[in-house]
Every structure is written in C-alpha cells, then in structure tokens.
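Here is a quick tour for anyone meeting this structure for the first time. Keep the 3D view open as you read.

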Amino acid sequence: MKLLIIEDDEKILSFLTRGLSEDGYIFEVAKNGEDGEYLAKLHNYDVIILDWMLPKKSGIEVIKSLRKGGISIPILMLTAKSETKDKVKSLKNGADDYLTKPFDYEELEARLIALYRRSFSKGSNILNIQNLEVNITNKIIKKGDKEIKLSAKEWELLLFLLKNKNTLVSTSMIENQLWADVNYMNSNVISVTIYHLRKKIGKDIIQSFRGLGYKIEI
C-alpha cells in the first residue's frame, strides 16, 4: 500500500511514520495543505491520511480541490475535531473515513486496509491487458481460453503492479511491499519472480526499465 500523509504535527507524524515503516508501508509526507495537494495530484496513492487543520490550506479545502479535479483516492481524515457536525462536513465534502485524535495505531491501520480493499472493489473486478484477463476477486488469470497458474508471490507482485498501473514501480518499492517481513532476501529474488511472471503472462505486459523498475500500462 502506497500512502500520502498530510500532517503538520511532528509528534503525530513521528508516531505514524514509525509504525508504518515498521509494518513495511510505502509513504510520502507533506506538512502543509498546498504541498499535500500537489503530491496527491502528481502521484498515484492508495490512501491519503489527511489532517484537518493544516498550514496554507486546510484539509477540507484539499479534499474539495481533489474531488473537483476528479481524483478519487480514498481519504482518511485525521483530526482533533470530534463533534458530529465536523464529521458530517468532512464526509459530505469527500472524505471516505474519519478518525479523531488521539487514536490507536492498530485502529488506523485497520481503517487504511478497509479503504484500500474498498477502493479496489469499486472498479471492475476483471481487468483486460492485451490478451490477458485478470479476475481480481477470484484470482483467476486467463490467456485466451487457457487459465494461468501463479505462485502466491507472483500473484501478489502482479496485483501490486496492477494497483500501481501506469506508474513506474522501483525494486525497492516491491521489496518493501512484498518482502518487508523477510530478514534476509537474495538480491535476485525480485528479478527472478518478475522473470517467471513475465514468462507466464507475456513479456510485453510488464515493461522493464533497467536500473529503475517495472510498469504495467493499461
């Protein structure tokens, strides 16, 4: 999961980034509304964690701007405002979830995962890439009439590339996402997994950029 954190409170930011780093999440940070909005429009994120009270541009203003621009990235509003009217205002303006400060990290992570899954299910469960059909829900891949069997890691890697479609994904991002819990990883494991995956689904589907990473274009 690739996250954008827009938060100016250093203590909360430290608490968040420490927990997310330990759990292997990929994230970028902005400390004011303008920078956060710029990053949200520039990159493809899975979920945005957004504070309400921010320098330069408030969280509500950021949400309005993003939604007006057609950006539908799930947004978790994180704020000290706890009154019902504030929650309603946040949700009506385009936030997908609302969590008040102080909060438990475990609850925040659970909400992030729920938003991530929900965002994936909003779109079509079946993706067509050239002559390949990928059923996200049933984990079935077909090339013509032939069903393709993938290993667990090959499927996770394909899903990660599809989630970041049209975006160059570096080897370090793949390592952090899929092998973050491994104490020791052979330096060739990613390239070997990519090799076997491309051999099964087609070399042209996953583009390789030497020294930079990989990309699926849809």
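## Charged pairs: the ground rules

A salt bridge here is a side-chain nitrogen of Lys or Arg within 4 Å of a carboxyl oxygen of Asp or Glu. Side chains of opposite charge can pair when their charged atoms come close. By this rule the count comes to 13 salt bridges.

Before we go on, a word on the source: this is a predicted model, where local features need pLDDT of at least 70, side-chain atom pairs count only at pLDDT 80 or more, and totals for chains, interfaces and linings use all residues. Residues are numbered from 1 along each chain as its sequence is written, and side-chain values use heavy atoms, with hydrogens and water left out.

Start with Lys 153 and Glu 156, which form a salt bridge with their closest N and O atoms 3.3 Å apart. Both residues sit in helix H6, 3 residues apart, or about one turn of the helix. (Helices, H or I with at least four residues, and strands, E with at least two, are DSSP runs numbered from the N terminus.) Lys 153 is partly exposed at 28% relative accessible area, and Glu 156 is partly exposed too, at 33%. For these labels, buried means under 20% relative accessible area, exposed means over 50%, and partly exposed is in between (1.4 Å probe, protein chains only).

Next, look at Asp 97 and Arg 111, whose side chains meet in a salt bridge at 2.8 Å, N to O. This pair links distant parts of the chain: Asp 97 is in strand E5 (residues 97-100) and Arg 111 in helix H5 (residues 105-122), 14 residues apart. Asp 97 is buried, with 15% relative accessible area, while Arg 111 is partly exposed at 24%.

Glu 83 pairs with Lys 85, with 3.8 Å between the closest N and O atoms. Here Glu 83 is partly exposed at 46%, and Lys 85 is exposed at 60%. Salt bridges that share partners also join Glu 7, Asp 51 and Lys 101 into one network.

## Two nonpolar cores

What is a nonpolar core? It's a set of buried Ala, Val, Leu, Ile, Met, Phe, Trp, Tyr and Cys residues joined through side-chain atoms within 4.5 Å. The largest one has 27 residues, and among those with the most contacts inside it are Val 134, Leu 158, Ile 206 and Ile 216. Elements giving two or more residues to this core include strand E6 (126-129), strand E7 (132-135) and helix H7 (171-178). H6 gives the most, with 6 residues.

A second, separate core of 20 residues includes Ala 40, Leu 66, Ile 71 and Ile 75.

Is Thr 79 buried or exposed? Thr 79 is buried, at 1% relative accessible area, and belongs to strand E4 (residues 75-79). Leaving aside neighbours within four places in sequence, its contacts (heavy atoms within 4.5 Å) include Asp 51, Trp 52, Tyr 98 and Lys 101. A polar atom of the Thr 79 side chain lies 3.1 Å from the backbone nitrogen of Lys 81.

Thr 171, found in helix H7, is partly exposed at 38%. Not counting residues up to four places away in sequence, Thr 171 touches Ile 190, Leu 212, Gly 213 and Tyr 214. Thr 171 and Tyr 214 are 43 residues apart along the chain, with their C-alpha atoms separated by 7.8 Å.

Technical notes:
A polar contact is a pair of N or O atoms within 3.5 Å; within protein, one must be able to donate a hydrogen and the other to accept it, and residues adjacent in sequence count only if both atoms are side-chain atoms.
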